[in-house]
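The following questions and answers examine how the elements of a single model are arranged. Please consult the sequence and the structure shown here while reading.

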Amino acid sequence: MSHPVHVHVSGLGFRHADGTTLQFPDWTLDGGSQWALIGPSGCGKTTLLQLLAGLRKPSSGSVQIGAQRLDQLSEQDRDRLRGRSIGIVFQTLYLLPTLSVLNNLLLAPAMAGLEPNRERALDLLRRLELDHLTNRHPDALSQGQAQRVAIARALMNRPALLLADEPTSALDDRACLRLLDLLKEETRLCAATLLVATHDQRVREALPSVQELTP
Ligand SMILES: Nc1ncnc2c1ncn2[C@@H]1O[C@H](COP(=O)(O)OP(=O)(O)OP(=O)(O)O)[C@@H](O)[C@H]1O
């Protein structure tokens, strides 16, 4: 999917194993829109990102990405949709320590059953100012560099939706604004929808739309 894709959240709820239930507001994210998802710690931002990515199953309601309702897909089709259409930058970056930066990027198409796209990887590394680190391993990167590698990997397959969980909390103001500019610009180039979960006021101010979760 490289065209703008709408995302609809409807009646969405999630129950944790201990019975804690979270209920999320109905919400439409227009294709190519850019959002901050804000709310106090524990209100369910990470859980909502996982539901949007089809990594958790809702206890009620649905997530629709383009024409596809995630709960109506088989597990295999959901994995395929996620691999090809959704880029995710988790709080824990999950870079593979045994692979070089370049091979960490090439993992994204490999996992999604797509052709390895070396040119795309090298282009992203250039644009994210990581090209001098192509052959390094993740344990020899700074936190900020590792974070940009994780973002590059999430962008590899030109996702329709990019989800980022608290990407700026460890950054100073300048680095925070630079990272947000980069996320905004790169998602604009893929016509992707951007959603950044955060309790960082700077993110709220830098993104055009805001969805606020209440405890
Ligand atoms: N495995 C679990 N079992 C029970 N409750 C859980 C589990 N995981 C999360 N929760 C609860 O679900 C709620 C939402 O958690 P979530 O991580 O989605 O919040 P968050 O808004 O992302 O928080 P933060 O900003 O601190 O990362 C919290 O109250 C949390 O305690």
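Q: In which sense do strand E4 and strand E9 pair, and over how many bridges?
A: In this predicted model, strand E4 spans residues 34-38 and strand E9 spans residues 193-198.

Q: What is the order of the strands in the open sheet?
A: The sheet has five strands with parallel pairing. Strand E7 (86-89) and strand E10 (209-212) are the edge strands, each pairing on one side only. Neighbouring strands are turned against each other by 20° on average, direction ignored.

Q: Across which strands does helix H5 lie, and at what angle does it run to E7?
A: Helix H5 comprises residues 143-155. The strands it lies across are E7 and strand E8 (161-165). Relative to E7, H5 runs at about 170°.

Q: Is H3 roughly parallel or roughly antiparallel to H5?
A: The axes of H3 and H5 are 8 Å apart, and the packing angle is about 30°. Angles under 35 degrees count as roughly parallel, and therefore H3 is described as roughly parallel to H5.

Q: Which residues of H5 meet H3?
A: The crossing of the two helices is right-handed. From H3, the contact is made by Val101, Asn104, Leu105, Leu107 and Ala108. The contact residues divide into six nonpolar, one polar and one charged. On the H5 side, the residues are Val149, Ala152 and Arg153.

Q: How is H3 placed relative to H4, roughly parallel or oblique?
A: Helix H3 (residues 101-111) and helix H4 (residues 118-127) have axes 10 Å apart and pack at an angle of about 125°. This angle makes the arrangement of H3 to H4 oblique.

Q: Which residues of H4 meet H3?
A: H3 passes H4 in a right-handed crossing. Five nonpolar residues, no polar residue and one charged residue form the contact. Leu102, Leu105 and Leu106 belong to H3, and their counterparts in H4 are Arg118, Ala121 and Leu124.

Q: Which helix gives the largest share of the shell around the ligand?
A: The ligand is surrounded by 14 residues, the closest being His16, Ser41, Lys45, Thr46 and Thr47. By class, the shell divides into three nonpolar, nine polar and two charged residues. The largest share, three residues, comes from helix H1 (residues 45-52).

Methods:
Residues are numbered from 1 along each chain as its sequence is written. This is a predicted model: local features need pLDDT of at least 70, side-chain atom pairs count only at pLDDT 80 or more; totals for chains, interfaces and linings use all residues. Axes are lines fitted to C-alpha atoms, for helices over the stretch in contact, and angles run from 0 to 180 degrees between N-to-C directions. Helices (H or I, at least four residues) and strands (E, at least two) are DSSP runs, numbered from the N terminus. Angles under 35 degrees count as roughly parallel, over 145 as roughly antiparallel, 65 to 115 as roughly perpendicular and the rest as oblique. A crossing is left-handed if the near helix is turned anticlockwise from the far one by less than a right angle, and right-handed if clockwise. Two residues are in contact if their C-beta atoms, placed from the backbone, lie within 7 Å. Ala, Val, Leu, Ile, Met, Phe, Trp, Tyr, Cys and Pro count as nonpolar, Asp, Glu, Lys and Arg as charged, and the others, Gly among them, as polar. Two strands pair if DSSP finds at least two bridges between them. A residue is near a molecule or strand if its C-beta atom, placed from the backbone, lies within 6 Å of it.
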